[in-house]
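Thanks for coming. I will take one structure today and go through a few of its residues and contacts. Please have a look at it first.

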Amino acid sequence: MILPVYLYNHTILREKTQPVNQMNDETQQFISNMFETMTQAYGIGLAANQVGDKRSIIVVDITDPEDETPPQIPPTVFINPIIEKYSEDLIDYEEGCLSVPKFRDKVFRPDAVRVKYFDKNMNEQIIEAEGILARVLQHEIDHLNGIYFFDRLSAVRKTLAQGKLRKIMRGDIIPDYEYTLGNQ
Ligand code: NI
């Protein structure tokens with residue numbers, strides 16, 4: 001089932017999510033819905049609070065059908081993910097977000113991270129991620145903590161982006177996928 005994506009001005013996107021303690025059928029179904037929602041919106045990552053849920057869950061799909069290089073991982077769910085370690089070198093990369101439609105900007109982040117999480121069977125896992133995977137994980141784990149990628153823009157870039165962000169907040173810029181505007 002495709003879930004509506006909550007946009008920028010929704011308060012749940014500023015709230016911290018809560019850990020998942022155990023897996024059950026409902027959570028399995030929710031995760032499957034998250035994958036379906038991400039895919040139809042052409043996203044490479046999605047956090048549970050982006051679809052209005054308070055659980056600490058993200059899904060990631062960095063597979064690219066047009067790229068012959070195998071991705072670091074197949075589509076994966078990360079439950080209760082925590083970044084344990086960051087690389088020292090920062091790189092900038094253009095990011096976008098399903099909750100901030102039609103806005104992209106360059107964000108500096110560490111190039112590699114070590115993430116501890118639970119898999120779909122609630123077994124603890126550790127992944128050493130770099131490149132695009134490290135980027136997506138940091139972006140989505142930020143969501144679980146109520147942080148948007150534009151919070152991490154440089155001061156100059158943030159100032160330049162103000163007008164566009166205000167338009168998105170007013171609902172003047174809408175996405176092509178199913179969405180829910182702010183708390184009405
Ligand atoms: Ni996002």
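Start with aspartate 142, which counts as buried at 8% relative accessibility. Buried here means under 20% relative accessible area, exposed means over 50%, and partly exposed is in between, with a 1.4 Å probe and protein chains only. Before going on, note that this is a predicted model, where local features need pLDDT of at least 70, side-chain atom pairs count only at pLDDT 80 or more, and totals for chains, interfaces and linings use all residues. Residues are numbered from 1 along each chain as its sequence is written, and side-chain values use heavy atoms, with hydrogens and water left out.

Aspartate 142 sits in helix α2; helices (H or I, at least four residues) and strands (E, at least two) are DSSP runs, numbered from the N terminus. Leaving aside residues up to four places away in sequence, aspartate 142 touches Arg109, Ile147 and Arg152, where contact means heavy atoms within 4.5 Å.

With arginine 109, aspartate 142 forms a salt bridge, the closest N and O atoms being 3.0 Å apart. The term means a side-chain nitrogen of Lys or Arg within 4 Å of a carboxyl oxygen of Asp or Glu. Arginine 109 is in strand β6 and aspartate 142 in helix α2, so this pair ties together parts 33 residues apart in sequence. Both aspartate 142 and arginine 109 are buried. Through shared partners, salt bridges join Glu95, Arg109, Arg135, Asp142 and Arg152 into one network.

Glutamate 95 is in strand β5 and arginine 135 in helix α2, 40 residues apart. Glutamate 95 is buried, and so is arginine 135.

How many salt bridges does a search of the whole structure find? It finds 13. Arginine 157 lies in helix α3 (residues 155-170) and aspartate 105 in strand β6 (residues 100-110), so parts 52 residues apart in sequence are tied together. Arginine 157 is partly exposed, at 32% relative accessible area, while aspartate 105 counts as buried at 9%.

Next, the metal. Which residues coordinate the nickel ion? They are Cys97 (SG), His139 (NE2) and His143 (NE2), at 2.1 to 2.3 Å. Donors are N, O and S atoms within 2.8 Å of the metal (3.2 Å for Na, K and Ca), and water is not among the atoms, so sites may look incomplete. The spacing of the donor residues in sequence is C-x41-H-x3-H. Cysteine 97 in strand β5 and histidine 143 in helix α2 (residues 131-144) are 46 residues apart, so to speak distant parts of the chain linked by the pair. Cysteine 97 and histidine 143 are buried.

Last, lysine 54, in the loop between β2 (45-47) and β3. Lysine 54 counts as partly exposed, at 49% relative accessibility. The side chains of lysine 54 and glutamate 15 are joined by a polar contact of 3.3 Å. A polar contact is a pair of N or O atoms within 3.5 Å; within protein, one must be able to donate a hydrogen and the other to accept it, and residues adjacent in sequence count only if both atoms are side-chain atoms.
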